[in-house]
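I opened a new notebook page for this structure. My plan was to look up how the chains meet, then what lies inside.

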Protein chains: 2
Amino acid sequence: MNRTIRLALLALLAGVAAARAEPLTIESQGSFFIGGKDVKSDALSTLPAYAPSGTITVGQMYVHYQIPVAPKGPPVTLIHGCCLTGKTWETTPDGRMGWDEFFVRAGFPTYVVDQVARGRSAIDPAPFNDVKTGKTPAADLPPIFSAGHEAAWAIFRFGPEYPKVFEGMQYPLQAQEEFWKQMVADWNATFAPPNPTVPALSQLAIKLGGTILISHSQSGIYPFQSAALTPQGIAGIVSIEPAACPTGDLKPYLKIPTLVLFGDYVDQSPRWAPRLKQCREYADAMKKLGGKTELIVLPEIGIKGNSHMLMQDRNSIELATWLVSWLNRNIEMKKP
Amino acid sequence: MNRTIRLALLALLAGVAAARAEPLTIESQGSFFIGGKDVKSDALSTLPAYAPSGTITVGQMYVHYQIPVAPKGPPVTLIHGCCLTGKTWETTPDGRMGWDEFFVRAGFPTYVVDQVARGRSAIDPAPFNDVKTGKTPAADLPPIFSAGHEAAWAIFRFGPEYPKVFEGMQYPLQAQEEFWKQMVADWNATFAPPNPTVPALSQLAIKLGGTILISHSQSGIYPFQSAALTPQGIAGIVSIEPAACPTGDLKPYLKIPTLVLFGDYVDQSPRWAPRLKQCREYADAMKKLGGKTELIVLPEIGIKGNSHMLMQDRNSIELATWLVSWLNRNIEMKKP
């Protein structure tokens, strides 16, 4: 009964938030880069108009931010997943408010990144030009890839296979084309682990003097890897449908309030069922060690129909409202 | 004298605007894509984890927007140049307010794009993977390029050659590293003209029911090319240091209020001097035809020291203030 009332209240709050929003007042907004290094190259260009030799800066991570007038909590940092960019967290495909704006309205300074070598974070063209000019063999081309709609359909759990739809699934499929436009080529397989976004997130967390890292899918493991580098600045971790949960030495994560969150239909997904199982093992191990870790599968608390892209599902604002409530219960809300 | 007083007033206004800004209230913000098409491919991936065959969507243009509470003019659309993204218009390398926010504060609904195949606008990985798998020869690789710092130095007119600096040059060189991080690889040479961003800008202009297209450098010519497709929705053109001005049939541009704007040191630049000369010929031809076209070289109206990246120069807010004043004098300010 208590849970029913709480869910009804959350739904009400979400309904209010999802209604045509009042004007938004922010203290400040802007963007900057974290990390990056200068690289000398003789393969910047194969065009006469641009010199092949010179120095470029790569490895930096683009960060956009908005600060509310009276912050109620530490900054949140939103980290997108595979084949996507920071756009993940902005306006949903069907035109509703994104989590980037919701968190600002909820009083959190909000930072949205483009992973290194994605979106507004530069890639290095030299390995491609070295092949074009015959300096290196074709097989040495970086293994970049895009996820096709058909394969992505099951990965994002819109249904068991393209184009079947799970019953009650909450993704706004009427605006599916707008989602496909969000997908970009992915450079991550060109990096040896840990992905360079991991130390960049560490640097960002330290710069901000504390932030809650909210990651998704491919980036799900990154906040843990950042915490293993240094716990400094990591006020909390929310790992949404991570591709993997930590194994091995769990000590670096013990003191960090952590939520691992999964949506619906996971058991029907050959891709995601084993990942949830592995995350359950991690969460159980953390519990035994006394860590502040919680794993929640949404249908188990009565929230049904969520796809892998739950920040864009029809109940995305309800979920964000629920998440803010979780943050309030589990993370120190005084401004650091 | 009149001009001196006007410039002093503008400097004062700019000083006020550049001071620590008051909180910003906006009616709404968000992002969406324009254009794009589905493409079937068998070369999406060379990795076992991702299927090579499938459909992806490419050719779309990412658009981010902010709408002020009480708009005073038509929307402005900010279009970046070569080797850059929409970041061009955001926070300057030395941390001052970007034109994206300035225009919102000045009352203009403001749209910032990432050109097609740049930033958050997807590229197609297939031509690279076709070479990697040996299906096509290495010479067929798309001619992508990055501009090295050394060559970019003269192109952006920080000085005559790297690392010499023009006397009185206003670019914030103390934050130069942050600018280098903005630069990304450029796919534009992979497209036959007109660049796909051109029809996307037309579609955006029509969708908005009127917008002032503000382009820069590589994209300088795009608004004219969009106008040649259809004048519909193009309320004005501000072409900042365009790589080229229109030639041939000038009729499509006659009724569109147009400003072509150049900074300082142009005559000392072998790259830019001929471009300015060609734009002067275009502006003279437009004048003879009775077109609403003005070409302004900033030092000729007393504003000195501007580089090619004038929207990031130390006097960027003074320039934006001047530009708003030009828009007010030359473009219908009633909301369309």
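**Strand pairing.** I began where the chains join. Strand 1 of chain A and strand 1 (residues 24-41) of chain B run antiparallel and are joined by 3 bridges. Two strands pair if DSSP finds at least two bridges between them. Strands here are DSSP runs of E, at least two residues long, and helices are runs of H or I, at least four long, both numbered from the N terminus. In this pairing, A:Leu24 stands opposite B:Ile26.

**Ground rules.** I noted that this is a predicted model, where local features need pLDDT of at least 70, side-chain atom pairs count only at pLDDT 80 or more, and totals for chains, interfaces and linings use all residues. Residues are numbered from 1 along each chain as its sequence is written, and chains are lettered from A and ligands numbered from 1 in the order in which they are written.

**The contact.** I looked up how many residues take part. Chain A gives 58 residues and chain B gives 58 residues. Contact means that C-beta atoms, placed from the backbone, lie within 7 Å. On the side of chain A that touches chain B, the elements giving two or more residues are strand 1 (24-41), strand 2 (54-68), helix 3 (126-132), helix 4 (149-155) and helix 5 (176-180). Strand 1 of chain A supplies the largest share, 10 residues.

**Symmetry.** I checked how the copies relate. Chain A superposes on chain B by a rotation of 180° with 0.0 Å of shift along the axis, at RMSD 0.0 Å. The two copies are thus related as by a two-fold rotation axis. The same surface serves both: 100% of the contact residues of chain A recur in chain B.

**The core.** Which residues touch the most other members of the largest nonpolar core? I found A:Val63, A:Met183, B:Val63 and B:Met183, in a core of 196 residues. Such a core is a set of buried Ala, Val, Leu, Ile, Met, Phe, Trp, Tyr and Cys residues joined through C-beta atoms within 7 Å. Buried means 20 or more other C-beta atoms within 10 Å of a residue's own, with C-beta atoms placed from the backbone. Beyond its neighbours within four places in sequence, B:Met183 is in contact with residues including A:Ile56, A:Ala122 and B:Cys83.

**One chain.** Chain A has 9 helices and 8 strands. Of its 336 residues, 56% are buried.

Definitions and conventions
Contact = placed C-beta atoms within 7 Å. Buried ≥ 20, exposed ≤ 12 C-beta atoms within 10 Å, placed from the backbone. Least-squares fit on C-alpha atoms with pLDDT ≥ 70 in both.
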